[in-house]
Every structure is written in C-alpha cells, then in structure tokens.
Amino acid sequence: MNLSIGIVGLPNVGKSTLFNALLKKQVANVANYPFCTIEPNVGIVEVPDERLPVLAKIVNTQKIVPAAVEFYDIAGLVSGASKGEGLGNQFLSHIKEVSVIVHVVRLFEDKEVVHVSSTIDPKKDIETIETELILADLSTLERQKEPRGLASKEEKFFYQTVLKLKEKINTGIPARQVSLSDVEKDDIKQLNLLTFKPVIYVFNLSEGQLENKTSTEKLISTNYNQFQPTLTMSAKLESEIVTLSEDDQKEYLKQYGLNESGLNRLIKNAYETLGLISFLTGGELEARAWTISKGTLAPQAAGVIHTDFEKHFIKAEVVPFPLFVELSGWQACRDSGKVTLAGKDYEMKDGDVVDFKVGV
C-alpha cells in the first residue's frame with residue numbers, strides 16, 4: 001500500500017517549490033506565473049524510518065527497502081476551475097487519484113512573486129479552493145440518476161446517500177464533514193468525491209516568519225484555527241537545504257527550532273491522518289517496511305507482501321522492534337520465548353517485526 005499525496009493550492013503559493021524540496025531534487029518546473037505546471041509531476045519519495053538501518057544490521061543484509069510515498073504536484077487551481085477555468089477540469093481529475101490532499105496556503109509576503117488575486121488572504125484562498133472542489137463534487141452528485149422500476153435495495157440506498165450528501169454539500173459543507181454511517185461511507189467511495197478526501201493545510205512561511213515562531217503560530221491559531229490539521233514550513237528553506245547531509249540539515253533546522261525536515265513532518269502527519277502504520281520484515285535478502293492501515297489483521301498484512309500469502313496464511317511470528325533490537329535477532333528471540341505466534345485474528349501493530357508462515 002503506497003500513500004499518495006496531492007499538493008494543491010492557488011498558483012504561486014509554493015506548491016512546486018515544496019514538491020522540489022520533498023523530492024530532494026529539482027524535478028518540478030518552478031516559474032513565477034500561473035499554470036507553469038501543466039501535467040501533475042509525480043515523484044516517489046522514501047518514507048524516513050530510522051528503524052530500518054538498525055534492522056538491516058541485525059539481520060546482516062545490505063539491502064534496505066523503505067515504504068514509499070507518491071507525491072503529485074497538481075497545477076494551481078483558480079476560481080472557476082470546476083467550470084474549466086485555468087485548465088481546471090484537467091487538474092481536478094488528477095486530485096481524484098490521491099489518498100490525501102495537501103493544501104498549500106501562502107502566508108509569506110514577496111513582491112517578486114505575484115499573487116493570483118494581488119493580495120495575501122489565506123482564508124479567502126482556502127475558501128476559493130474548497131469552493132471549487134465542492135462545485136466539482138456537486139456536479140458528480142447531479143449526474144447520479146434516481147433508480148427506477150425494479151431497482152435493488154442497494155441502488156435505492158445508494159441514491160438516498162447521494163441525496164443526503166447533495167443537501168449538505170449545497171450548504172458549503174465538504175463531504176468529509178457530513179455525518180455518514182460506515183455503510184454509507186463504503187457505498188459512496190465509488191464516486192471518489194474530492195471533498196471526501198482528508199486535507200492537511202500547509203502554511204508556507206517566509207524564513208522571517210519561521211524565525212518568529214511564537215508570533216506566527218499565534219497568527220495562525222487566531223485567524224485560521226478552523227482549518228485542521230495544519231503544518232507550517234518554509235518551502236523555500238526546505239528547497240535550499242536539500243543538498244546538505246542529514247546531520248547538517250538537522251543542525252541548520254535547529255536555528256528555527258525545528259527537530260526534523262518538512263518532509264518528515266508531512267509524511268508523519270499524512271500517516272496519522274489516514275490511520276496508517278508500518279510493519280517490518282528482515283532477513284538476509286532485505287530489511288523492509290510495509291504500509292498498512294491500523295486494525296489490519298495478520299493475514300491481510302501478509303497479503304500486502306503477496307496476495308498468495310493471505311490465501312495460504314498459517315501463522316506469523318511477531319516481535320516488537322525494540323525487543324528485536326534488544327535481543328539482536330530472530331534466534332535469540334525464539335530461544336528466549338519472546339516471539340508471539342500470531343493467528344488469523346492478530347491485529348498488527350506499528351513496528352512489529354514479522355516472519356509470516358504460509359502454506360505455499
């Protein structure tokens with residue numbers, strides 16, 4: 001399971017600059033004018049996981065395979081995008097493919113970088129994007145036809161959910177904030193509604209705003225607290241430190257009171273927002289992290305590695321990562337009786353080191 005993140009926002013808010021920083025290389029075309037990004041730039045970024053090198057050393061392997069995140073740099077939306085303004089329909093369709101939306105909001109002032117509406121107004125900017133996504137969803141809902149004749153119970157239930165969503169979204173409420181039962185949520189997934197996707201708001205700061213951390217955080221909490229969850233970072237700063245070593249990056253970030261890069265914080269926030277965790281496997285071939293949802297049972301986790309593993313699952317040997325490190329590997333864990341023999345009802349936990357036993 002790869003996590004996919006779509007970076008959206010108005011033109012010239014720093015989306016492509018952030019994308020470049022996240023990928024640690026200049027792959028997006030950054031330019032000081034709207035619509036410089038015509039196709040969504042897609043990049044695969046490794047999920048930082050300090051456990052993997054430790055695991056690799058214990059199991060004596062040189063190959064490390066981290067979990068991965070797909071980032072989509074989606075071109076700037078403008079007012080009227082849902083009706084095709086500014087290549088809007090093309091860009092809105094790209095958002096349908098992602099798991100979570102990162103909405104980049106411009107807080108920095110820079111006379112050299114033009115704003116699409118000439119003034120910096122984060123609340124208005126957020127509402128502009130949200131409105132376009134809502135209008136696109138309403139268009140999707142309007143296309144759903146009322147079941148006629150010998151319609152099934154399921155078809156009638158689905159249409160009632162459509163009507164419920166349409167009523168709420170028409171009042172400006174995004175789909176993710178509409179109270180729906182689990183059955184209704186599962187039923188409506190087929191429509192891939194844009195406002196049903198979780199959103200992380202990233203306020204893009206200047207380095208000066210980053211330095212004045214207390215006053216900047218107060219500004220955001222006072223004026224934009226209704227937009228949650230939020231992250232603050234300077235895309236420009238992130239893009240400038242990509243050539244530094246990991247240790248030098250940490251030292252540089254300390255000047256701004258930061259313990260880790262924007263990439264790490266963003267990925268952790270996305271994992272938390274989507275309810276994702278990672279389990280680990282380790283042997284002579286590789287040390288690897290696998291992404292699953294919280295609550296995933298052992299057979300389904302095995303299926304993430306290979307579909308046949310779920311079908312032929314017998315059991316799993318499981319050791320929490322700290323204990324695996326403390327005892328230095330599988331043999332010592334088995335000898336000391338510290339291995340959990342997990343059956344089909346075992347719920348996977350973040351950091352579980354696992355050896356699946358399958359009948360194939």
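**View 1. Strands β1 and β4 run side by side in the parallel sense.** Strand β1 (residues 3-8) and strand β4 pair over 5 bridges, in the parallel sense. Keep in mind that this is a predicted model. To find your way around the pairing, look for S4: its bridge partner in β4 is E70. Strand β4 itself covers residues 68-73 and is mostly covered, with 5 of its 6 residues buried.

**View 2. Strand β4 also pairs with β2, in the antiparallel sense.** Here 6 bridges link β2 and β4, and the sense is antiparallel. Pick out E46 and you'll find its bridge partner in β4, which is A68. Now slide over to I44, which is found in strand β2. Is I44 buried or exposed? Its relative accessible area is 52%, and the cut-off for exposed is over 50%, so I44 counts as exposed. I44 and A68 are 24 residues apart in sequence, yet their C-alpha atoms are 6.4 Å apart in space.

**View 3. The largest pocket has a lining of 42 residues.** Of these 42 residues, E46, V47, P48, D49 and N264 lie nearest the centre of the pocket. Several elements give two or more residues to the lining: α1 (15-23), β2 (41-46), α2 (51-59), α10 (246-254), α11 (262-274) and β8. Which element gives the most? That's α11, with 6 residues. The space in this pocket comes to about 1100 Å³. Sort the lining by class and you get 21 nonpolar, 14 charged and 7 polar residues.

**View 4. Strand β8 is buried on both faces.** Strand β8 (residues 276-282) is mostly covered, and 7 of its 7 residues are buried. On one side sit L276, S278, L280 and G282, and on the other I277, F279 and T281, all of them buried. Follow the chain onwards and a hairpin joins β8 to β9 through 4 residues. The two strands run antiparallel, and 7 bridges join β8 to β9 (residues 287-293). One spot to check is F279, which stands opposite W290 in β9.

**View 5. Four aromatic residues form a cluster.** Ring pairs link F279, W290, F313 and F356 into this cluster. A pair of rings is described by how far apart the centres are and by the angle of the planes. In the whole model the count comes to 7 aromatic pairs. Take F279 and F356: their ring centres are 5.8 Å apart and their planes stand at 85 degrees, so this pair is edge-to-face. F279 lies in strand β8 and F356 in strand β12 (residues 352-358), so the pair ties together parts that are 77 residues apart in sequence. Both F279 and F356 are buried.

F313 and F356 make an edge-to-face pair too, at 6.4 Å centre to centre with 65 degrees between the planes. Because F313 lies in strand β10 (residues 313-320) and F356 in strand β12, this pair ties together parts that are 43 residues apart in sequence. F313 and F356 are both buried.

**View 6. A charged side chain sits over the ring of W290.** What sits over this ring? It's the charged end of R288, 4.1 Å from the ring's centre. W290 is the residue in β9 that stands opposite F279, and W290 also belongs to the cluster with F279, F313 and F356.

Terms used
Residues numbered from 1 in each chain as written. Predicted model: local features only at pLDDT ≥ 70, side-chain atom pairs only at ≥ 80, totals over all residues. Heavy atoms only, no water. Buried < 20%, exposed > 50% of the residue type's maximum accessible area, 1.4 Å probe, protein only. Pairing = 2+ DSSP bridges. 1 Å grid on protein atoms, 1.4 Å probe; cavity = no way out; pocket = protein on both sides within 12 Å on 5 of 7 lines; lining within 4 Å. Points joined across faces, edges and corners; volume = space filled by probe spheres on them. Nonpolar A, V, L, I, M, F, W, Y, C, P; charged D, E, K, R; others polar. Phe/Tyr/Trp six-rings, centres within 6.5 Å; stacked < 30°, edge-to-face > 60°. Lys NZ or Arg CZ within 6 Å of the ring centre and 35° of its normal.
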